[in-house]
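Welcome, and thanks for taking a look at this one with us. Please bring up the model and keep it at hand while you read.

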Amino acid sequence: MARSLMQGAVLDENDLDAVALPRLSVEGSAGYGLIPGREEIEDYLSVSRGYLREVGINPSYAHVLRLSGHSMAPTLLDRDLVIVDTSQNKLQDEEVYAVVFGDTVLIKRLQPLWDGSIRIASDNREGNYPDTIIPAAERQLLRIVGRVGGFLRYF
């Protein structure tokens, strides 16, 4: 059963419940894919430990990436900051993951299929974002970086 993503908030770094998460320079594409650059830490964001526990993210393995594109709307929007737990890099149920496929970094919903293949899907059904099926024999081409457990959105 897929978990729903929850919006978090950036806290004051002096808040006792806050944990500083690294925000990486690489962007995850919610579209057709981005060529990854070098992954460097741009800065840190203070997020509530309680929020991370609620969305099932281990703070020791949490990273923040900026989302680029519209294919995951309405779940995730262009420019959202997604929180990725890199300790959760095994495909389970139908969840949203940060993945590397070929030369692209994607934020997509993954669905394991009965024949061992994986469906890479977008949540935006009104856009022109066709699903991609990775055959079981080619699964090694897909690297799951981690599960997206939550997001930060600026209005």
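Predicted model: local features only at pLDDT ≥ 70, side-chain atom pairs only at ≥ 80, totals over all residues.

**Strand β5 and its two faces**
- In a regular strand, side chains alternate between the two faces of the sheet.
- From β5, L81, I83 and D85 point one way, while V82 and V84 point the other way.
- The residues on both sides of β5 are buried.

**Pairing partners**
- Strand β4 (residues 62–68) runs antiparallel to β5 and is joined to it by 5 bridges.
- Within that pairing, V64 has I83 of β5 as its bridge partner.
- Strand β10 (residues 142–152) also pairs with β5 in the antiparallel sense, over 5 bridges.
- Here D85 is bridged to R147 of β10.

**A buried arginine**
- R23 sits in strand β2 (residues 18–29).
- R23 counts as buried because its relative accessible area is 14%, under the 20% cut-off.
- Beyond its neighbours within four places in sequence, R23 contacts several residues, including E40, E42, D43, V64 and L81.

**Nonpolar cores**
- The largest nonpolar core has 16 residues, and L65, L76, V82 and I107 have the most contacts inside it.
- At least two residues of this core come from each of β2, β4, β5, β6, β7 and β10.
- β6 gives the largest share of this core, 3 residues.
- Another core, of 13 residues, lies apart from it and includes V55, V64, L81 and I83.

Notes. Residues numbered from 1 in each chain as written. Heavy atoms only, no water. Buried < 20%, exposed > 50% of the residue type's maximum accessible area, 1.4 Å probe, protein only. Helix = DSSP H or I, 4+ residues; strand = E, 2+ residues; numbered from the N terminus. Pairing = 2+ DSSP bridges. Contact = heavy atoms within 4.5 Å. Core = buried A, V, L, I, M, F, W, Y, C linked by side-chain atoms within 4.5 Å.
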